Amino acid sequence: MSIPLSDSVHSYASNRLFRDAGENEVLLGETPYRRPTRTFDNAFINYERPLTRGTQASNSALSTHRLLINIYEADGVFLPHAAYDGFWDDFQAFYSAENIAHGESIRHALENKAFSFLQNDVEVTGPWTADTVIEFFKSFLKDQAETRDAEANNSPVLAAILNSRDPERCAKHYLIQLAPDFLSEASAMARVAPGSYGDIQSAIFNILIDEYGASVHANKHSTLFENTLQSVGLSPDIHTYWQFYHSTSLCLTNYFHYITKNKRLFFRYIGALFYTEASLVNVTKKQSEMLRKVFGAGVNTKYFDEHHHIDQHHGEMALQRVIIPALERFGDQVASEILRGYLEFQFLEELADADLIAQFDFFERLENDRCNAEKFYHEITNGERNVSLETFVECAGERSTTHTHPDHRLLVIESGKMDFWPLAGDPLSLTAGDILFIPRHRLHGSVVTSDECVYHQPVAESETKELHQNPQSHEV
């Protein structure tokens, strides 16, 4: 008799390491194993229903990708920078046979939920052949090379950071979105080394060696990123900022785990690998320039500067020593699959950028939206609008693990106090009478800071335009 998927998810998420965040767990330093999920929410998520393009920033997506990265990362060795009380118990709980077995029992279903939408949303049309894919990739590489030393083109995400009312806070939130990948960089790539070791894998391993600093820890790319984080006052401990990862940021990391864990997707992987290596040449230049503008001379940008240098070679290597040999050997039958990997990861990056811009917009508009939110709530209490108040009563220290809502809502503090996070960093301190507008799919979390807090979350779905003049900016 098969176990229902929801029960299997519950069994996996019941690991104490994955329980909801506690009062003092806004940041999760010290331990790389503590990864809170909203276990109560999991019971109401249909894990058999695939995500769509429009639900990539939903709570369902967030829960799915939190579970998936925990499953994938059990394949790697994660050690804390220093021993701590409870380390051995945490280490055993994360790597136990039971935890891994539970994870593997739900992995394929979670992968289907997370990534099957790509089959419809990313179209590979036309009679693509080995020759046409090679020409397309050569053209992309040429375009990247021609703009390599030009002034950095405007990036919507980086522009949003530079134009925000708090560029430092937004830039730090941006760096946090890179952390799930950059602090364990190339872990997924390492999965394709074992096997019948031929020239294609040798070329990939050559890139892997560079990513790992040729075994010199100080030169390892993840070490360079740790230095960047420390230079702007952020922790280098992996998953310290777990609560502030967007689902779309986790998706980018999980996608590479997905296509390397499932060896049937190897050809899709090398297409995605080429896209990242070729495009990062110019992306990292823009990132480095943004960080220096925001933080000044004190920021350590070597991670990004190194990629701007070395990925000039990696893009060419991925094409000449990986893609072309694969197409020459296996021909047209793998051409579309290689191209699909390139297009899928490009598409996921676009979704992640849109999600991050929407989060910055949410942060920017919090104060401006208050007046309209207050007017809307006043009309509810006067009986002019028939909207349920959705009342909650919580005690001191009760934390809401970061999450999103499927609809636009108000947050109304009736009594007591609450700290509220729209981005990583210092919270907003809310007291009785404070009202906020929270658009659908915007990540947020809170903790009660008084003995008791009574608050309401009326759904504002039908009146969004009155509350927010550009609601579509919050769609993913």
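**Cysteines, spaces and rings**

Cys 453 has a relative accessibility of 0%, so Cys 453 counts as buried. Buried here means under 20% relative accessible area, exposed means over 50%, and partly exposed is in between, with a 1.4 Å probe and protein chains only. Before I go on, this is a predicted model, in which local features need pLDDT of at least 70 and side-chain atom pairs count only at pLDDT 80 or more, while totals for chains, interfaces and linings use all residues. Residues are numbered from 1 along each chain as its sequence is written, and side-chain values use heavy atoms, with hydrogens and water left out.

Back to the cysteines. A disulfide is a covalent bond between the sulfur atoms of two cysteines. The criterion used is a pair of cysteine sulfur atoms within 2.5 Å, and by this rule the count comes to zero disulfides. Cys 395 is in no disulfide, and its nearest cysteine sulfur, that of Cys 453, is 10 Å away. Likewise, Cys 453 is in no disulfide, with the sulfur of Cys 395 as the nearest one at 10 Å. Cys 395 has 47% relative accessibility, so Cys 395 counts as partly exposed.

Next, the spaces. The search runs on a 1 Å grid over the protein atoms alone: a cavity is a set of points where a 1.4 Å probe fits but cannot get out, a pocket is an open set with protein on both sides within 12 Å along at least five of seven lines, and lining residues have an atom within 4 Å of a point. Grid points are joined across faces, edges and corners, and a volume is the space filled by probe spheres set on the points.

The second largest pocket holds about 890 Å³ of space. It is lined by 37 residues, and the closest to its centre are Arg 38, Asp 41, Asn 59, Thr 404 and His 405. Which elements supply at least two residues each of this lining? They are helix H2 (39-42), helix H3 (59-73), and strands S1 (391-395), S2 (399-403), S3 (409-415), S4 (417-421) and S7 (444-448). Helices (H or I, at least four residues) and strands (E, at least two) are DSSP runs, numbered from the N terminus. S2 gives the most to the lining of this pocket, with four residues. By class, the pocket lining has eleven nonpolar, 16 polar and ten charged residues. For those classes, Ala, Val, Leu, Ile, Met, Phe, Trp, Tyr, Cys and Pro count as nonpolar, Asp, Glu, Lys and Arg as charged, and the others, Gly among them, as polar.

How many cavities of 30 Å³ or more are there? The count comes to two. The largest cavity has a volume of about 40 Å³, and its lining includes Ala 57, His 246, Asp 355, Thr 404 and His 441. That lining divides into three nonpolar, four polar and two charged residues. The second largest cavity has about 30 Å³ of space. Among the residues lining the second largest cavity are Val 26, Phe 244, Arg 399 and Trp 421. The elements giving two or more residues to that lining are S2 and S7, and S2 gives the most, with three.

Now the rings. The structure holds 40 aromatic pairs. Rings of Phe, Tyr and Trp (its six-membered ring) pair if their centres lie within 6.5 Å; planes under 30 degrees apart count as stacked, over 60 as edge-to-face and the rest as tilted. The ring centres of Tyr 33 and Phe 87 are 6.4 Å apart and the planes are at 35°, so this pair is tilted. Tyr 33 is in the loop between helix H1 (5-13) and H2, and Phe 87 is in helix H4 (residues 87-95), so the pair ties together parts 54 residues apart in sequence. Tyr 33 is buried, at a relative accessible area of 0%.

A charge sits over a ring if NZ of Lys or CZ of Arg is within 6 Å of the ring centre and within 35 degrees of the ring normal. Arg 165 lies over the face of Phe 363, at 4.0 Å from the ring centre, and Lys 220 lies over the face of Tyr 212, at 4.3 Å.

Last, the backbone. Ala 186 is not a glycine, yet has a positive phi of about 75°. Ala 186 lies in the loop between helix H9 (167-182) and helix H10 (199-211).
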